[in-house]
Amino acid sequence: MNTINLTAETFQPTIDADGIVLVDWWASWCGPCRAFAPTFEAVASKHHDIVFAKVDTEANRDLAGLAGIMSIPMLMAFRDGMLLFSEAGALPASALEDLIAQIRALDMNDVRTSLATTAL
């Protein structure tokens with residue numbers, strides 16, 4: 001398995017770390033979640049420098065509530081502790097690879113500057 005399971009205790013330290021973290025919010029009863037899981041695993045096996053993480057929303061209801069998860073599967077992408085993408089639905093492998101390429105291509109200094117100016 002190329003993914004890690006996150007809990008309330010491990011979620012924040014994981015997403016706050018440097019680098020890219022993709023988080024798949026799922027539940028065992030969710031058909032689209034089960035359909036997306038092999039895609040997530042396959043893409044994870046190609047990108048060893050990225051953290052691919054899963055949160056079982058049934059086992060981590062409080063965490064899912066705090067994160068505002070209203071629909072699953074939900075994919076979130078973080079880089080250097082910043083949420084850059086959040087969307088419900090199962091992505092095909094090509095779309096997930098495209099998302100990774102876009103996140104890799106970001107100049108994080110520009111992102112930080114943009115966020116700082118927006119916050120003013």
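L22 has A77 of strand 4 as its bridge partner. This is a predicted model, in which local features need pLDDT of at least 70 and side-chain atom pairs count only at pLDDT 80 or more, while totals for chains, interfaces and linings use all residues. Residues are numbered from 1 along each chain as its sequence is written, and side-chain values use heavy atoms, with hydrogens and water left out.

Strands here are DSSP runs (E, at least two residues), numbered from the N terminus, and two of them pair if DSSP finds at least two bridges between them. Strand 2 (residues 20-26) runs antiparallel to strand 4, with six bridges joining the two.

As for burial (under 20% relative accessible area, 1.4 Å probe, protein chains only), six of the six residues of strand 4 (residues 74-79) are buried. In a regular strand, side chains alternate between the two sheet faces. Both faces of strand 4 are covered, with M74, M76 and F78 buried on one side and L75, A77 and R79 buried on the other.

Then there's the largest pocket, lined by W29, T57, E58, R61, A64, G65, I69, M70, S71 and I72. A pocket is an open set of points on a 1 Å grid over the protein atoms alone, where a 1.4 Å probe fits, with protein on both sides within 12 Å along at least five of seven lines; lining residues have an atom within 4 Å of a point. The largest pocket holds about 150 Å³ of space, counted as the space filled by probe spheres set on the points, which are joined across faces, edges and corners. Its lining has five nonpolar, three polar and two charged residues (nonpolar: Ala, Val, Leu, Ile, Met, Phe, Trp, Tyr, Cys and Pro; charged: Asp, Glu, Lys and Arg; polar: the others, Gly among them).

How values were computed. Buried < 20%, exposed > 50% of the residue type's maximum accessible area, 1.4 Å probe, protein only. Helix = DSSP H or I, 4+ residues; strand = E, 2+ residues; numbered from the N terminus.
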